[in-house]
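Below is a short report on one protein model. Keep the structure open while reading.

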Amino acid sequence: MPKPPRSKPLLRDTEAPIRSRPRGRRNPAQPQLLFDPMPERVDPALAQLKSRPPKGSEWSWELKWDGYRLTVHIEPQGIRVLTRGGHDWTHRFPAIAQAARALGPATMIIDGEAIVLDEEGRPNFGLLQQSLGASGKQPGNRASNAVLYAFDLVYLDGHDLRGIEYRSRRHLLEDTLNGPGNDQVGAIRLSETLDAEPTVLLDHVCRLGLEGIVGKRLDRPYRSGRTGDWVKVKCVQSEAFFIVGYERSATFPAGFGSLVLAAYRGDDLVHVGSVGTGFRQAEAIRLRKMLDTLRWRRKPPPLPYSGSAGVVWVEPTLIAEIEFRAWTMDGKLRHPSYKGLRERQDNADVFRLD
């Protein structure tokens with residue numbers, strides 16, 4: 001076998017030696033690197049409540065999920081599952097964290113909602129709240145059966161996607177979750193877009209007993225807060241209110257007759273009615289014990305009140321998710337029903353009347 005020819009030197013011996021030019025400072029007029037640092041956390045985009053869906057072809061529609069808003073950070077050093085308020089709940093959603101590892105080694109931030117499905121395959125906030133232990137004495141429980149329905153992608157492999165339009169982010173999200181690392185039946189699933197006229201879609205969703213629909217402007221970037229780029233239309237209204245007291249029950253002394261609820265008006269708390277349905281007996285007993293540790297020790301009560309004199313007032317600390325049909329003319333909830341407690345770490349928004 002003949003020997004390969006010897007390679008020639010890049011520089012002839014007769015040529016003068018070449019040295020590297022000394023490095024200078026970066027010219028600020030030159031463009032920056034193409035890669036963006038991964039945000040430590042992202043304040044979520046929030047949907048504005050509307051009484052009816054807006055018209056137009058620029059909207060994309062999907063189900064409104066009834067759970068806890070999460071962002072899943074897939075980073076070189078590991079997985080982080082953060083609540084809306086920025087608290088690390090990776091340990092509380094182990095199945096979601098495990099599914100996120102399978103999506104690597106790409107780095108990304110996925111925005112979605114953690115839910116627990118009931119026996120009929122519908123989201124059930126009460127089941128999620130029970131699995132997390134929000135109403136019991138063991139906060140920090142794991143929701144091992146929770147599923148994340150992903151609906152946005154805000155960072156991918158060195159690129160901050162918040163500045164690009166939603167239709168492009170959605171395309172990247174679908175490609176990411178439809179890849180070989182995800183089977184769409186595991187703990188991270190794609191929140192499907194629904195191809196139907198929104199009023200027809202809302203009617204169908206409500207008849208199925210689901211919470212409502214969410215619309216997103218296809219041409220808008222990802223902007224934190226309630227900007228109007230996202231809207232929600234609910235079948236039944238559901239909001240978070242402070243528990244500020246309870247009325248005793250003669251037939252259920254270990255529990256209560258109803259909970260007294262409050263919302264914000266400006267910086268003040270105002271009474272918005274009471275709720276006495278939606279409780280299982282064991283949950284009502286646990287909740288009564290929690291409330292008795294928060295008794296209001298001062299006068300006057302924590303808010304103006306003209307109802308029953310038999311209210312046991314408590315510190316406005318616990319936040320309840322309440323389902324209701326409408327508002328009365330005097331600003332009270334109509335047909336309220338208790339769904340569960342929200343956790344402070346979930347950054348629950350107490351309803352604001354203004």
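This is a predicted model: local features need pLDDT of at least 70, side-chain atom pairs count only at pLDDT 80 or more; totals for chains, interfaces and linings use all residues.

Residues are numbered from 1 along each chain as its sequence is written, and side-chain values use heavy atoms, with hydrogens and water left out.

**Sheet and helices**

Helices (H or I, at least four residues) and strands (E, at least two) are DSSP runs, numbered from the N terminus. Two strands pair if DSSP finds at least two bridges between them. Four strands build an open sheet with mixed pairing, in the order β1-β10-β9-β2. β2 and β9 (residues 212–217) run antiparallel and are joined by five bridges. Within β9, V214 stands opposite E62.

Two helices pack on this sheet. Contact here means heavy atoms within 4.5 Å. Axes are lines fitted to C-alpha atoms, for helices over the stretch in contact, and angles run from 0 to 180 degrees between N-to-C directions. Helix α3 (residues 166–177) touches β2, β9 and β10 (230–234), and its direction makes about 45° with that of β2. Helix α4 (residues 198–207) also touches β2, β9 and β10; the direction of α4 makes about 150° with that of β9.

**The disulfide**

A disulfide is a pair of cysteine sulfur atoms within 2.5 Å. The count comes to one. C206 and C235 form the link, with their sulfur atoms 2.1 Å apart. It is left-handed, with -95° about the S-S bond.

**Accessibility**

Buried means under 20% relative accessible area, exposed over 50%, and partly exposed in between (1.4 Å probe, protein chains only).

| Residue | Relative accessible area | Class |
|---|---|---|
| C206 | 30% | partly exposed |
| C235 | 23% | partly exposed |
| E211 | 10% | buried |
| Y68 | 0% | buried |
| W89 | 1% | buried |
| Y338 | 4% | buried |

**Around E211**

E211 sits in the loop between α4 and β9. What does E211 touch, not counting residues up to four places away in sequence? The list is K64, W65, D66, V233, K234, C235, V236, S238 and K339. The side chains of E211 and K64 make a polar contact at 3.4 Å. Such a contact is a pair of N or O atoms within 3.5 Å; within protein, one must be able to donate a hydrogen and the other to accept it, and residues adjacent in sequence count only if both atoms are side-chain atoms. E211 and R122 are 89 residues apart in sequence and 9.7 Å apart in space, C-alpha to C-alpha.

**Aromatic pairs**

Rings of Phe, Tyr and Trp (its six-membered ring) pair if their centres lie within 6.5 Å; planes under 30 degrees apart count as stacked, over 60 as edge-to-face and the rest as tilted. The structure holds 16 such pairs. One of them, Y68 with W89, is tilted: 5.7 Å centre to centre, 35° between the planes. Y68 lies in strand β3 (residues 68–75) and W89 in the loop between β4 (78–83) and α1 (94–103), so this pair ties together parts 21 residues apart in sequence. Y68 and W89 form one aromatic cluster with F93 and F125.
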